[in-house]
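Let's take a walk through this model, one stretch at a time. Keep the picture open beside you as you read.

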Amino acid sequence: MVIDDLNAIAEKERAARKKTVIRCCMAAGCMSSSSDSVKKNLEQAVKDAGLSDEVEVRGVGCMKLCCEGPLVGVDPKGALYEKVTPEDVTELVNTIKGGKTKLKRGDLNHPFFKKQLSIVLANSGEIDPERIEAYIAADGYQALHHVLREMTPKEVVETMVKSGLRGRGGAGFPTGIKWGTVAKTQSQQKYVICNADEGDPGAFMDRSVLESDPHSVLEGMAIAAYAVGANQGFIYCRAEYPLAIKRLQNAIKQAKTLGLLGSGIFESPFSFSIDIRIGAGAFVCGEETALMGSVEGKRGVPRPRPPFPAESGLWGCPTLINNVETFANVPPIYRKGAEWFASIGTEKSKGTKVFALAGKINNTGLIEVPMGTPMRQIVEEMGGGAPDGRKIKAVQTGGPSGGCIPSQHLDTPVDYESLGKLGSIMGSGGMIVMDDSTKMVDVARFFMDFCMDESCGKCVPCRAGTVQMLHLLEKILDRKATARDLAKLEELCDMVKNTSLCGLGQTAPNPTLSTLRFFRNEYEELLQPDQFGPHGNGVAKK
C-alpha cells in the first residue's frame, strides 16, 4: 500500500456515491429498536420504487439523538426522521419523489445538533463503519501515512505535546507526556493498549465510537505505536459490547488486507499488529494495572505504582495505555495540526469532549462540545431540560468516581479543573441528569452499592470501607441513623479516599462526599429527631 493506492480507493468510493443517500442508524441503541429491519425494508422499498440507480441505503453509526431512535437521515435534503418503524419505510421512500409524510421529523437546527463540534464523532452517523473504503474516503489513514513518511517518532511526540490533548479516560493526564515517557524508556519490546472497558453506569461514548468509526481508533493506535516504538497493540473491550467487538474484528481484518496493519506499513520499516482481548465485565479492569493483569491472563486486580505502566507494564515491558476517545482524537490532530486542536477548548483543557447525556432529561444521546462549554448549555439548551416541566436538581459526572453538581453550579464550565473544584471529575464522559424528584441520599447509596460490588477486594480500605459506608447510607435511609453515624460516614469517606490502593477505592466516596457537601439537609432530615433536633438544623438535643 502506497499513498497513490490510498487516494485511488478514496476517489473510487467518492465517485460511486449516488444522488441521494438514506442513512439508517445501525448502532446498538437503534438496533435494539429494530433499525436492522428498517434498513432491510428501506433497501427493498428503494428497489420496488425503481430508485436503485440513484438512491443508496447506507447503514451508519450513531446519529447521536438516541432517545428518538431508530433514526433515518436523507441527504442531500438534510432531513432526519425519528422513531422510524419497519412499516414506515414506503412512506419515507416516497418523500424522495416529492411525496408528503406524517413521519416525525427532527429539527437539525435544534441546539442539540447545532451546538456540537464534532472531532471524535465527525464520521459517526455519516459513514458505513463496516467498510474501510468509507473511512478512507473520509481522509482515513492519511494521518498515518503523513506520520510514517514525513515525521520522526520524536516529532510525533512533540506534536502531541503541542496539541494539549489530555487522556479522555478520566484522569486527564497529558497524552504527549505519557507518550514521551514510553518513548524514552529503553526496551526491545513495547506495547500499546486501548482501554475500551467502559463500565460507568450511564456511559456509552466509547461503545458508540467503536461501533461507528472503528478505523479511527486503529489509526490512532498505529500512530501512537510509531511514536513510542511499539509493534504490538491490544484493544481491551468488555464482553457486553458484542457489536463493537464484531466491528473491531472486521476493521482489523480489513486493515490487514490492505496492508494498513501488519508488516512494512506504507512501505516503511514500521510494523504494527492489533489483537482484541475481551473482558468479563469487572469494573476494576478499567484501572490500567488491573487491565494489564487481565490481558496477561491473570486475575484483574490493581498493582501498586510505581513502577508505572510506561516503565514496566504488560509482561514487564513499557506499555502505553489510552482510552478509545483519546486514540480517536489522534488522526485529526496529525491531519489538521496541533495548533488547530489547541485552539479549541480552554487554556488547560484542549479540544472537545464527548458526553453521554442520560437520566431525567428530554434529549438523551451523544454530544460532543468544546471543553469549557457551560454545563447549563449542555443540559438545558442541548438536552432540553428535565421532562414534564420539572426542574433540574443536579448533574452527576464521572460515574461512580465522580460527584453530583447542584443546579446552582450549572454555569460551571465543563473542564478538568472546574469540575475538580466542585468535588467531581470529568470521567470518561457519563453525564446523568437528575430532576427535583431525585433523592440524593438514594443516589449516594446506588453508587456506593456499585463500588462495593465491583471492588476487587485486594486492599482492606476499599474491600471493608465500601461495605461499611453502604451500611451507614442504608441506615440513614431507614431513618435509624444518628448524628454520630453521619460523622462516622464522613470519617470513613476520608479514610477510604486516602488509603485505598487504586482509583476505584480512592474515588468511591466521591458521590457521597459531593451529596453531603451540597445536599446535607437531605441527610439530616433522615436522622433520628431525638438525636439530631426536630428540624434537621444540625443542633443535637441536650
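Start at Lys83, which lies in the loop between β4 and α4 (89–94). The labels come from DSSP: helices are runs of H or I of at least four residues, strands are runs of E of at least two, and both are numbered from the N terminus. What we're looking at is a predicted model, in which local features need pLDDT of at least 70 and side-chain atom pairs count only at pLDDT 80 or more, while totals for chains, interfaces and linings use all residues. Residues are numbered from 1 along each chain as its sequence is written, and side-chain values use heavy atoms, with hydrogens and water left out.

Back to Lys83: its phi is near 50°, a positive value in a residue other than glycine. Buried here means under 20% relative accessible area and exposed means over 50%, with partly exposed in between (1.4 Å probe, protein chains only).

Phe266 also has a positive phi, about 55°, although it is not a glycine. You'll find Phe266 in the loop between α12 (242–257) and β7 (273–279). Phe266 is buried, at a relative accessible area of 2%.

While we're in the loops, look for two cis peptide bonds. One joins Asp75 and Pro76, with omega at about 10°, and Pro76 sits in the loop between β3 (72–75) and β4. Another joins Arg305 and Pro306, where omega is about 5°; Pro306 belongs to the loop between α13 (288–295) and β8.

Now for the sheets. Strands of a sheet pair through backbone hydrogen bonds, either parallel or antiparallel. In this model, two strands count as paired if DSSP finds at least two bridges between them. Four strands build an open sheet in the order β2-β1-β3-β4, and the pairing is mixed. At its edges are β2 (55–60) and β4 (79–81), each pairing on one side only. Neighbouring strands of this sheet are turned by 20° against each other on average, direction ignored. Axes are lines fitted to C-alpha atoms, for helices over the stretch in contact, and angles run from 0 to 180 degrees between N-to-C directions. Inside this sheet, β1 (residues 20–25) and β2 run parallel and are joined by six bridges, with Val21 opposite Glu56 in β2.

Strand β8 (residues 319–323) is mostly covered, with five of its five residues buried. Thr319, Ile321 and Asn323 are buried on one side, and Leu320 and Asn322 on the other.

Another open sheet has five strands in the order β10-β9-β13-β11-β12, again with mixed pairing. Its edges are β10 (365–370) and β12 (403–406); each has a single partner strand, so one side of each is left without a neighbour in the sheet. From one strand to the next, the twist averages 30°. Strands β9 (residues 352–359) and β10 pair in the antiparallel sense over six bridges, and Ala356 faces Leu366 in β10. Helix α16 (residues 375–382) lies across β9, β10, β11 (392–397), β12 and β13 (430–435), running at about 120° to β11.

Next, the helices. Which residues of α8 (residues 153–163) are buried? They are Val156, Val157, Thr159, Met160 and Ser163. These cover an arc of only 160° around the axis, which puts them on the same side of α8. The arc is that of the directions from the helix axis to the C-beta atoms. On the other side of α8, Lys154 and Lys162 are exposed. The buried residues of α8 pack against α7 (142–150), α9 (175–184), α11, α14 (324–336) and α15 (338–342), where contact means heavy atoms within 4.5 Å. Just after α8, Gly164 takes a positive phi of about 80°.

Finish at α10 (residues 205–212) and α11 (residues 214–228), whose axes come within 5 Å and cross at roughly 95°. That makes α10 roughly perpendicular to α11 (angles under 35 degrees count as roughly parallel, over 145 as roughly antiparallel, 65 to 115 as roughly perpendicular and the rest as oblique). Val209, Leu210 and Ser212 of α10 meet Pro214, Ser216 and Val217 of α11.
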